[in-house]
Amino acid sequence: MINDPSLPKSIFNPSTFDFHGIELVSFDFFDTLVFRDSVTHFQLWKNYSDQYFYARFKAEATARILKRAKGIPEISQDDIYSRMPKPWGLEFEMDLEQKSLSLNPVMANALIAAQVAGAKVCIISDTHFRANDIQRILLKFKIANVEVFTSGDFGLTKSTGLFEKVQSSLNVSYEDWVHIGDNLKSDIKSPYTIGIKAIYYPHMKHQLIDCGLLSLQAYDFLRKSGKSGNAAIAGLFKNLLLDLTPSPEEGLKLPELFGSVIGNLVSKAIAKEVHEMHTQNKYDFILYSSRDGWLPFIAHKHLFKNDPIVYFKTSRELLNDQRFHTYLESIVGDSKRVLLYDIGWRGTTAKKVTDLFPLITWEFVYWQLLGQKSPNQFELNPGGLKNRLRIWRSRDFLESVFTDESNGFDRIGIDLKPQERIRGENSRYKSLILLGATRGITKDSVQIDLDKSSLILESFARFPSAELTSYFEGAIHQVNANSKSLLITSTWCELFSGSKILWPYGSRLVSRNGLERLIFALLVFLKESFQRIQNLLGRLIKND
């Protein structure tokens with residue numbers, strides 16, 4: 001299937017490839033066959049140092065201006081690196097690139113499919129790098145014997161004659177040629193105008209947004225968050241590609257994709273941090289508190305099989321159950337040192353178990369902790385000290401999305417097994433999220449650190465896409481035994497409930513009355529602004 005140049009929005013589907021009867025299949029290189037963990041080459045330069053970024057940017061900009069003044073459309077390596085300090089030459093930049101680049105498995109499969117179909121394959125790239133430089137990178141990915149044509153070798157871009165040079169060199173007809181790339185002008189319009197069939201491969205930005213995982217605002221937020229934010233985007237994209245390799249599953253739903261791309265990313269980051277704490281402290285047990293500890297527990301169990309972890313079913317109701325002491329004792333026994341992970345709120349569980357078992361050295365790990373922080377309480381979320389409001393939101397995502405599939409537990413039976421609540425609260429997307437997340441955890445998916453996890457959750461909580469909002473709108477978040485609120489605000493009563501839990505950016509009223517929706521949005525903005533002022537004053541008072 002050859003994509004129409006009108007370019008309808010969609011995730012690129014490799015199962016549509018049919019290269020039989022095609023003589024040549026050419027691939028764009030950067031952002032198509034490979035992509036950068038830094039997302040862009042500009043961020044790659046910044047990641048090294050601001051000094052390098054400014055020197056590199058100035059050198060290329062000056063070279064392009066001078067060349068175009070002479071009517072030459074492309075620059076050479078000498079034009080750039082002759083203007084750079086000696087340590088920052090070609091080999092230095094090649095080293096930066098090779099450390100940052102990842103092979104796109106979808107495009108790698110397309111390349112193999114073309115070869116199996118009997119077509120020639122080659123790479124055509126608008127870059128100052130030369131063919132031998134690109135081939136050095138290809139060898140890193142174990143791709144050999146593929147011809148490479150670059151604008152740096154010919155002094156011509158795809159839009160100014162590079163395709164014609166390839167045609168002359170390979171002696172192939174335009175009608176029997178397919179080119180794949182991400183740039184609408186150079187990879188689609190330019191070959192299309194001379195008779196080459198073109199397949200549009202969307203940039204990672206468009207794939208993440210078009211599938212509904214990210215809103216444009218969420219993507220921009222991550223892009224502007226520097227090195228960590230850009231690495232987070234690349235991590236999301238890598239996990240998305242894993243779900244598209246070799247082809248999208250039939251009937252794959254957004255909640256399932258959300259679990260596979262996001263759920264396992266965050267869960268693995270948490271599990272890795274808890275494991276490192278265990279490596280240093282050698283706990284007798286690691287308890288993952290229900291229900292929001294479920295996915296981190298699954299991730300930990302998969303990644304670090306020898307750690308002494310237990311999924312600890314608990315709730316505020318169970319804390320007050322007369323059998324709770326005996327129940328917990330059946331788990332920890334005569335342990336001397338125990339670590340307990342919880343999403344966190346005010347440390348209620350921590351206080352209870354410490355009072356019940358004072359001889360055990362307890363330590364507590366929270367994604368976010370409100371209330372008094374003691375020496376044995378550790379907050380995982382790096383964003384916790386930057387903006388409390390955003391962490392409230394991300395915590396709510398964790399509690400509403402990454403929990404187990406139960407309704408929670410409200411009492412302990414005589415067999416010391418927690419009994420599930422009898423409520424019809426299981427959401428329509430929960431099983432799909434867990435399916436996707438578990439699949440992502442158990443296969444060779446990406447791992448990121450806590451800093452990137454914090455940014456990812458903030459982007460989702462502050463700027464949820466319309467597609468995600470439509471799924472999460474009915475998600476019930478349990479604040480305490482007598483109070484509930486919606487993940488996405490949809491009624492006046494929640495606005496005036498006094499709850500400080502999750503007032504998302506862009507919360508809206510479900511109403512046909514436009515004026516009522518406008519007033520509601522204004523009040524949400526005022527409430528959030530008031531909360532931000534409270535948070536700021538609280539930090540100032542605490543620092544004093």
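Colleague: In which helix is the place of Ser267?

Modeller: The model is a predicted one, in which local features need pLDDT of at least 70 and side-chain atom pairs count only at pLDDT 80 or more, while totals for chains, interfaces and linings use all residues. Residues are numbered from 1 along each chain as its sequence is written, and side-chain values use heavy atoms, with hydrogens and water left out. Helices (H or I, at least four residues) and strands (E, at least two) are DSSP runs numbered from the N terminus. On that basis, the place of Ser267 is in helix H13.

Colleague: Is Ser267 buried or exposed?

Modeller: Buried means under 20% relative accessible area and exposed over 50%, with partly exposed in between (1.4 Å probe, protein chains only). The relative accessible area of Ser267 is 1%. Ser267 is therefore buried.

Colleague: Leaving aside neighbours within four places in sequence, with which residues is Ser267 in contact?

Modeller: Contact means heavy atoms within 4.5 Å. With neighbours within four places in sequence left aside, the residues that Ser267 touches are Leu295, Pro296, Ala299 and Ile441.

Colleague: At what angle do H13 and H20 pack?

Modeller: Two packed helices are described by the angle between their axes and the distance between the axes. Axes are lines fitted to C-alpha atoms, for helices over the stretch in contact, and angles run from 0 to 180 degrees between N-to-C directions. For H13 and H20 the axes are 9 Å apart, and the angle is about 145°.

Colleague: Is the crossing of H13 and H20 left-handed or right-handed?

Modeller: A crossing is left-handed if the near helix is turned anticlockwise from the far one by less than a right angle, and right-handed if clockwise. By this rule, the crossing of H13 and H20 is left-handed.

Colleague: Are H11 and H20 roughly parallel or antiparallel to each other?

Modeller: Helix H11 (residues 216–223) and helix H20 (residues 450–462) pack with their axes 9 Å apart, at an angle of about 150°. Angles under 35 degrees count as roughly parallel, over 145 as roughly antiparallel, 65 to 115 as roughly perpendicular and the rest as oblique. H11 and H20 are therefore roughly antiparallel.

Colleague: Which residues of H11 and H20 make the contact?

Modeller: H11 passes H20 in a right-handed crossing. From H11 come Ala218, Phe221 and Leu222, and from H20 come Leu455, Ile456, Glu458, Ser459 and Arg462.

Colleague: In what order do the strands of the open sheet with E9 and E8 stand?

Modeller: Two strands pair if DSSP finds at least two bridges between them. E8 is joined to strand E9 (residues 309–312) by 4 bridges, and E8 also pairs with strand E10 (residues 337–342) over 4 bridges, in the parallel sense. The open sheet has 5 strands with parallel pairing, in the order E9-E8-E10-E11-E12.

Colleague: Which strands stand at the edges of that sheet?

Modeller: Each edge strand has a single partner, so one side of each is left without a neighbour in the sheet. These strands are E9 and E12.

Colleague: How many residues of strand E8 are buried?

Modeller: Strand E8 covers residues 285–289 and is largely enclosed by the rest of the structure. In this strand, Leu287 stands opposite Leu340 in E10, and Tyr288 stands opposite Tyr311 in E9. Of the 5 residues of E8, the number buried is 4.

Colleague: Which helix lies across E8, E9 and E10?

Modeller: This helix comprises residues 294–303 and runs at about 160° to E9. The name asked for is H14.

Colleague: Which residue in the turn of the E13 and E14 hairpin has a positive phi?

Modeller: Strand E13 (residues 409–412) and strand E14 (residues 418–420) run antiparallel and are joined by 3 bridges. There are 5 residues between E13 and E14 in the hairpin, and the positive phi of about 65° belongs to Leu416.
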